Amino acid sequence: VWLQDAMVSIHAELAPPNNAHVIAQRGSFPSTGLGAALCCGFLYLKSDAETVKLLERVAPSTPPQPFDDQRALNDGVKAHAKTYGQPILWHTPPETITHKHPLTFTSPTVARASFGLLNVSYLPHSEFMRKCPSKADFRREPDVKVAHCQSGKYPQRKQSSLESHGLWFLPSNTSTYEPSLPKVLPSGIDSSMQQLGDTLAKLAGYK
């Protein structure tokens, strides 16, 4: 859920001297040996040749079942450095240099690193939150720009988590999609959108 304009942070990482190709919030999965991972819940990929190389590496290793883009992305980023025969170069001490696992999951600062020729920015957890404090009401948290709270994978659990953090903005009688029920899109949606919905549901294991 976007609580502020997150593009301000994105543009700051894209601009010199940061020149980021990959910008993401911090996650805990998969274990990368770095202390934190790139979370695909909030992810920005710059459209350029270096990012295309990364995605060409990632795509073949992302099977449709189970569909886990986050593992493939993190593995691909680490492999990118090896492609160029270069170590991961950290640009933001002391967080990234003085610890065995350089990335602190809940750090309030941006961590920037180069994986070969690929520049990656790990956004601060204090602004792009993944591990949300229990019952925290983010409408009263001025520093949080995006809240992507960890919760169960099923719709009701996600709704309950959002409600407990003051992040559920739909009417209380809004129904959530159950994996056990057929996917029905609202009337007026054309057939191509219906086909897209069916395809995505199959990839997610709902059909």
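The largest nonpolar core of this predicted model has 20 residues. A nonpolar core is a set of buried Ala, Val, Leu, Ile, Met, Phe, Trp, Tyr and Cys residues joined through side-chain atoms within 4.5 Å. Buried means under 20% relative accessible area, exposed means over 50%, and partly exposed lies in between, with a 1.4 Å probe and protein chains only. The residues with the most contacts inside the largest core are Leu 38, Leu 54, Val 77, Leu 103, Phe 115, Val 120 and Tyr 122.

Which elements supply at least two residues each of this core? They are strand 1 (22–27), helix 2 (49–58), helix 3 (69–83), strand 4 (111–115) and strand 5 (118–122). Helix 3 gives the most, with 4 residues. Helices (H or I, at least four residues) and strands (E, at least two) are DSSP runs, numbered from the N terminus. There is also a second, separate core of 9 residues, which includes Leu 14, Ile 23, Phe 42 and Val 146.

Two remarks on the basis of these values are in order. Residues are numbered from 1 along each chain as its sequence is written, and side-chain values use heavy atoms, with hydrogens and water left out. Since the model is predicted, local features need pLDDT of at least 70 and side-chain atom pairs count only at pLDDT 80 or more, while totals for chains, interfaces and linings use all residues.

Let me turn to the chain as a whole. It has 5 helices and 7 strands. Read from the N terminus on, its elements run α-β-β-α-α-β-β-β-β-β-α-α. Of its 207 residues, 37% count as buried.

I return now to Phe 42, one of the residues of the second core. Phe 42 is found in strand 2 (residues 37–45). With 8% relative accessibility, Phe 42 counts as buried.

The next topic is the cavity search. A search of the whole structure finds 1 cavity of 30 Å³ or more. On a 1 Å grid over the protein atoms alone, a cavity is a set of points where a 1.4 Å probe fits but cannot get out, and lining residues have an atom within 4 Å of a point. Grid points are joined across faces, edges and corners, and a volume is the space filled by probe spheres set on the points. About 30 Å³ of space lies in the largest cavity.

Which residues line the largest cavity? They are Thr 32, Leu 34, Leu 38, Asn 74, Val 77, Lys 78, Phe 115 and Tyr 122. Helix 3 gives the most to this lining, with 3 residues. By class, the lining has 5 nonpolar, 2 polar and 1 charged residues. Here Ala, Val, Leu, Ile, Met, Phe, Trp, Tyr, Cys and Pro count as nonpolar, Asp, Glu, Lys and Arg as charged, and the others, Gly among them, as polar.

I continue with the cysteines. The structure holds 0 disulfides, a disulfide being a pair of cysteine sulfur atoms within 2.5 Å. Cys 39 is in no disulfide, and its nearest cysteine sulfur, that of Cys 40, is 6.7 Å away. Cys 39 counts as buried, at 2% relative accessibility.

Two polar contacts deserve attention. A polar contact is a pair of N or O atoms within 3.5 Å; within protein, one must be able to donate a hydrogen and the other to accept it, and residues adjacent in sequence count only if both atoms are side-chain atoms. Ser 114 has its place in strand 4 and is buried, with a relative accessible area of 9%. The side chain of Ser 114 makes a polar contact with the side chain of His 91 at 2.7 Å. Lys 145 sits in the loop between strand 6 (128–129) and strand 7 (146–147). Is Lys 145 buried or exposed? At 16% relative accessibility, Lys 145 counts as buried, and its side chain makes a polar contact with the side chain of Ser 9 at 2.8 Å.

Finally, I come to the backbone. A cis peptide bond joins Pro 16 and Pro 17, with omega about 5 degrees, and Pro 17 lies in the loop between helix 1 (7–14) and strand 1. Another cis peptide bond joins Phe 29 and Pro 30, with omega about -5 degrees.

How values were computed. On a 1 Å grid over the protein atoms alone, a cavity is a set of points where a 1.4 Å probe fits but cannot get out, and a pocket is an open set with protein on both sides within 12 Å along at least five of seven lines; lining residues have an atom within 4 Å of a point.
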